[in-house]
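Colleague: I am new to this structure and would like to know how its labels were reached. Could you take me through them?

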Amino acid sequence: MRDAVIVEAVRTPVGKGKANGALAGEHPVDLLARTLEALIERTGLDPALVDDVVGGCVTQAGDQALNLTRTAVLAAGFPESVPAMTVDRQCGSSQQAAHIAGQGVLSGAYDIAIACGVESMSRVPMGSSVLPGSNPFAPLAARYPEGLIGQGISAELIAARWKITREELDGFALESHRRAAAAWDRGEFARELVWPARDETIRPGTSLEVLAGLKPAYYDPALEERFPEIGWQVTAGNSSPINDGAAAVLIMEAAVAARLGLRPRARFRSFAVVGDDPLLMLTAIVPATAKVLARSGLRLEDIDLFEVNEAFASVVLAWQRETGASLDKVNVRGGAIAIGHPLGGSGARIMTTLLHAMEDRGARLGLQTMCEAGGLANATILELL
């Protein structure tokens, strides 16, 4: 019986995805390469032993084109013999990379693999891979004649259908900033960072009054007749910002880690990926959670910590209402609303944060899930060793 274990996990600080962001001057290949270098430095692993590097990236255009994971492997100084690939499962791309790496180890295809991800939204804006005049969804017109919608409108529909108020959305966002700021003040992110710098979009001074003053970010009068139930409550304050960042996780077979004198820190207990309604788009985390628990033979109450990506506050609150999970166990160090959401890097970033939080709190089991464009979601359960 093979076990896929995590030996090390690191991330960059998360920067604002704007021209004046702290990481805007960093090429995304360099961001990813620095995380790969950190894995090697911290473990002393011979990089020639790595069987594959699987990286997540959403907007694979411009500086992020042409299999940037392979470019980052070379930029990090790994031997040319180390292969790499870049995957796109939208916001869950680097969580999917961890699934591919972990499942490859479990199957025997790999002994050592790295899962990673990066996104520089300041240099490669979201959606810039769609060429002018093109319509990737045109073939779906017959199945969805009214047309699919953007994620912000999906977030509004979720808030409306689960009857989540603006006060609840803003209160959740405020708590994300409070938890993230408190975690920074306690030094809880220090071990996971490649270099010491604060995540740039955490706002410890925000308040309910400030958040309540923000205007709806996705109001569209053309959609009012189609979706009369929408209350237009989703704002920049209760949504994840635009960010730059990278993260990487070193995964290997347990016996290989022992032979190399490396300490396994957690093992992959279960994986799941699901599809759901592409109109609501962001609700697949609910069936993904049910599926990963069923596959593991665990119950919701067995999970000590949850990481649910905060693409929008409405997504996490709808998930909580459907699952009944205690928010005291969810995103205990804050989530993407505060820390940020560098798309292709977020899955590995969240896994890195979850691992360290589990260790610091003595939590045996952790569950991570992320909503993804197109009505998709990944879910992973880690077991602390």
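Colleague: How far is the sulfur of Cys57 from the closest cysteine sulfur, and what makes that too far for a bond?

Modeller: First, a word on the source: this is a predicted model, where local features need pLDDT of at least 70 and side-chain atom pairs count only at pLDDT 80 or more, while totals for chains, interfaces and linings use all residues. Residues are numbered from 1 along each chain as its sequence is written, and side-chain values use heavy atoms, with hydrogens and water left out. Now to your question: the closest cysteine sulfur to that of Cys57 is in Cys116, 10 Å away. A disulfide is a pair of cysteine sulfur atoms within 2.5 Å, so 10 Å is too far for a bond.

Colleague: What about the sulfur of Cys91?

Modeller: Its closest cysteine sulfur is in Cys371, at 6.2 Å, which is again too far for a bond. Searching the whole structure gives 0 disulfides.

Colleague: Why is Cys57 called buried?

Modeller: Buried means under 20% relative accessible area, exposed over 50%, and partly exposed in between, with a 1.4 Å probe and protein chains only. Cys57 has 0% relative accessibility, so it counts as buried. Cys91, at 7%, is buried too.

Colleague: Which residues other than glycine have a positive phi, and are they buried or exposed?

Modeller: Met281 is one of them, with phi near 65°. Met281 sits in the loop between β7 and α8 (helices are DSSP runs of H or I with at least four residues, strands are runs of E with at least two, and both are numbered from the N terminus). Its relative accessible area is 6%, so Met281 is buried. Leu343 has a phi of about 25° and lies in the loop between α10 (336-339) and α11 (346-361). At 4% relative accessible area, Leu343 is buried as well.

Colleague: What makes a space a cavity and not a pocket?

Modeller: Both are found on a 1 Å grid over the protein atoms alone: in a cavity a 1.4 Å probe fits but cannot get out, while a pocket is an open set with protein on both sides within 12 Å along at least five of seven lines; lining residues have an atom within 4 Å of a point. Points are joined across faces, edges and corners, and a volume is the space filled by probe spheres set on them. The structure holds 1 cavity of 30 Å³ or more, and the largest cavity has a volume of about 30 Å³. Among its lining residues are Trp162, Leu282 and Trp319, and α9 gives the most to that lining, with 3 residues.

Colleague: How many residues line the largest pocket?

Modeller: There are 47, and Leu343 is one of those nearest its centre, along with Met121, Met126, Gln151 and Tyr218. The largest pocket holds about 1,400 Å³ of space.

Colleague: What makes a group of residues a nonpolar core?

Modeller: The members are buried Ala, Val, Leu, Ile, Met, Phe, Trp, Tyr and Cys residues joined through side-chain atoms within 4.5 Å. The largest such core has 50 residues, and Phe306 is among those that touch the most other members. Its largest share, 6 residues, comes from α9. Leaving out residues up to four places away in sequence, the contacts of Phe306 (heavy atoms within 4.5 Å) include Leu300, Trp319 and Leu367.
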